[in-house]
Amino acid sequence: MKFIYKVLAGTIIFIIFNNVKANAQGCVAISGKGAFTVMEHPMLDSSITPGKESSWVFTSAYRYFHSYKHFKGTEEQKQRQTLHNEVVNFQNTIDLSLTRNFNRFWSVTVGIPYLINIRSSLYEHGGKERHRSYSHGFGDARVVAYRWLFDPRTSHNGNLQVGLGIKLPTGDYNYRSYFYNVTPSNRPVDQSIQLGDGGVGAIAELNGFLHLGGRFSGYTNLYYMANPRNTNGTRTYRETLSPLLANESIMSVPDQYLARLGVNYTFNGSFSALTASVGGRMEGIPVRDLIGKSDGFRRPGYIISVEPSLNYSLKRVNLFASVPVALKRNRQQSVTDKENSVKTGTYVIGDAAFADYSINFGVSFKF
């Protein structure tokens, strides 16, 4: 197996997903709806000979997180747990993807997540009793084409890969559940556990590695998904909580972004390789989209995490796991928050619940 394959084995981007509300580790950031989840780019190994570089890779990955700590800006709202009125999300994502490597330069990945979500709250059920709402099903699918800028056979000390693709609105973005003590009782679930966002998104990626000497290498992954659609028509009923939230009565279709930078250390064996990695990770939802309007309800913000990970690679099988641990959580002012700050003459900012960490693991098979 070539060195380049062993180095990049540790640069897998894990689930997340997706995707726009339920997110990486809370009510903001990347969620599991399909904008990105696992993006793995298997390299050539010694079994591939000239003219036979094509292959298929199937990847199955799982992600779990439990969000319950509320933040306004970077300040944690610890009183929410004391008063027992915090919102709690349990989110599970199973991501399935299939990659076609056409040659040593080009590949295409098609993927879709399956989500299982539980949300516990008081305010959505009349404010006096805690109840749960649910959602489950397939999220938004993605199709992304990748190309290495330099020949992987000769660029052993570093390379860059660009990716361009599309996110399709295959997930239900008006998923409904039963709510207690409110009218109507059957209404759309919170944006954080919707299965999709209703938008056709444009995906851009940049992935790279650099040999640092010995067994060390560096990696980076940059990702942005632009969602031109403004709002998706799904009711939030937030205007029933306060007249100041009239602009948040319909769900927004926000952009998403991710940046990763870290270091790998590879232990080489006769028939396998173990790669240990550690790096920084930032992911989130911007206040305003890159293209189009940014009306409606969204919880903009970002998470900065330290991300340790392990990857064990055999000739045709990869096992991988990572646990991003949150270092900084920031729920930024939304468009409505800024408008209300001007109207009232006071600083207005909503809150969002975040997790302390997420758990990601999976396996890929080359055939």
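Ala, Val, Leu, Ile, Met, Phe, Trp, Tyr, Cys and Pro count as nonpolar, Asp, Glu, Lys and Arg as charged, and the others, Gly among them, as polar. This is a predicted model, in which local features need pLDDT of at least 70, side-chain atom pairs count only at pLDDT 80 or more, and totals for chains, interfaces and linings use all residues. Residues are numbered from 1 along each chain as its sequence is written, and side-chain values use heavy atoms, with hydrogens and water left out.

**Exercise 1. Describe the largest pocket by volume, lining and residue class.**

Step 1. A pocket is, on a 1 Å grid over the protein atoms alone, an open set of points where a 1.4 Å probe fits, with protein on both sides within 12 Å along at least five of seven lines; lining residues have an atom within 4 Å of a point.
Step 2. The volume of the largest pocket is about 540 Å³, taken as the space filled by probe spheres set on the points.
Step 3. Its lining has 26 residues, and those nearest the centre are Arg80, Tyr123, Arg238, Gly350 and Asp351.
Step 4. Strand 1 (55-72), helix 3 and strand 19 each give two or more residues to this lining; helices (H or I, at least four residues) and strands (E, at least two) are DSSP runs, numbered from the N terminus.
Step 5. By class, the lining of the largest pocket holds 12 nonpolar, five polar and nine charged residues.

**Exercise 2. State the confidence of the chain.**

Step 1. pLDDT is the predictor's confidence in each residue, from 0 to 100.
Step 2. The chain has a mean pLDDT of 88, with 85% of its residues at 70 or more.
Step 3. Residues 1-24 have pLDDT below 50, yet this stretch has 155 contacts in the model beyond near neighbours in sequence.
Step 4. Where pLDDT is low, the predicted coordinates should not be read in detail.

Key
Contact means heavy atoms within 4.5 Å.
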